[in-house]
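Here is a short tour of a protein model, written for someone who likes to keep the viewer open while reading. Please load the coordinates and follow along.

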Amino acid sequence: MYLLYSFAFTLLFLLLLPYFIIQVIRYGKYASSFTERLGWLPSSLQSDRRPTVWVHTVSVGEFLAARPLLEQLRRELQGWRIVVSTTTLTGQRLARAAGSARIDAVCYFPFD
């Protein structure tokens, strides 16, 4: 079943690739985040070996809803790394603006 899922996802990705390329050329969307979305995360995420909590928030609304959780995690998990991923540019900006007081790293959620 996993093989079928992987094949279907790869096929779908290849079919959608022209759309992503057009979005990059016309609007600049995805240009800066494409490598992260392909799974190449920043080296700062790979080199830090602390225990990690990864909170994925799709949109601005989800990030805002997750802020109390992030604050509680920061208080209770001293010494742990808190990583937040988003899928939208606006969510990414908001997460980065939240500052390092709550979040150690922000990245785009990779394509499945």
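Predicted model: local features only at pLDDT ≥ 70, side-chain atom pairs only at ≥ 80, totals over all residues.

Residues are numbered from 1 along each chain as its sequence is written, and side-chain values use heavy atoms, with hydrogens and water left out.

## The sheet

Let us begin with the strands. Helices (H or I, at least four residues) and strands (E, at least two) are DSSP runs, numbered from the N terminus. Two strands count as paired if DSSP finds at least two bridges between them. On that basis the model has an open sheet of 3 strands, in the order β1-β2-β3 and with parallel pairing. β1 (52–56) and β3 (105–108) each have a single partner strand and stand at the edges, so one side of each is left without a neighbour in the sheet. On average, neighbouring strands of this sheet are turned by 25 degrees against each other, direction ignored. Such angles run from 0 to 180 degrees between N-to-C directions, with axes taken as lines fitted to C-alpha atoms, for helices over the stretch in contact.

β1 and β2 run parallel and are joined by 5 bridges; H56 has S85 of β2 as its bridge partner. On the other pairing, β2 (residues 81–86) meets β3 in the parallel sense over 4 bridges. Here V84 is partnered by V106 of β3, and S85 by C107 of β3.

How many of the residues of β2 are buried? The count is 6 of 6, so to speak a mostly covered strand, where buried means under 20% relative accessible area, exposed over 50%, and partly exposed in between (1.4 Å probe, protein chains only). In a regular strand the side chains alternate between the two faces of the sheet. In β2 both faces are covered, with R81, V83 and S85 buried on one side and I82, V84 and T86 buried on the other.

β1, helix α4 (residues 60–76) and β2 together form a right-handed β-α-β unit. Right-handed means that, with the strands pointing away from the viewer, the path from the first strand over the helix to the second runs clockwise.

## Helix α5 on the sheet

Next, look at helix α5 (residues 89–97), which lies across β2 and β3 and runs at about 175 degrees to β3. Its residues G91, Q92 and A95 are buried. Seen down the axis of α5, the buried residues fall within an arc of 100 degrees, so they line one face of the helix; the arc is that of the directions from the helix axis to the C-beta atoms. These buried residues pack against α4, β2 and β3, while R93 and A97 are exposed on the other side of α5.

Q92 is buried, with a relative accessible area of 3%. Leaving out residues up to four places away in sequence, Q92 touches T86, V106, C107 and Y108, where contact means heavy atoms within 4.5 Å.

## Salt bridges

A salt bridge is counted when a side-chain nitrogen of Lys or Arg lies within 4 Å of a carboxyl oxygen of Asp or Glu. By this rule the model has 2 salt bridges.

| Pair | N to O distance |
|---|---|
| R50 and D104 | 4.0 Å |
| D104 and R74 | 2.8 Å |

R74 belongs to helix α4, so its pairing with D104 ties together parts that are 30 residues apart in sequence. Through shared partners, the salt bridges join R50, R74 and D104 into one network.

How accessible are the partners? R50 is partly exposed at 33% relative accessibility, and D104 is partly exposed with a relative accessible area of 34%. R74, at 18% relative accessibility, counts as buried.

## A residue at the surface

Finally, find S43 in helix α3 (residues 43–47). Is S43 buried or exposed? At 58% relative accessibility, S43 counts as exposed. S43 and W54 are 11 residues apart in sequence and 16 Å apart in space, C-alpha to C-alpha.
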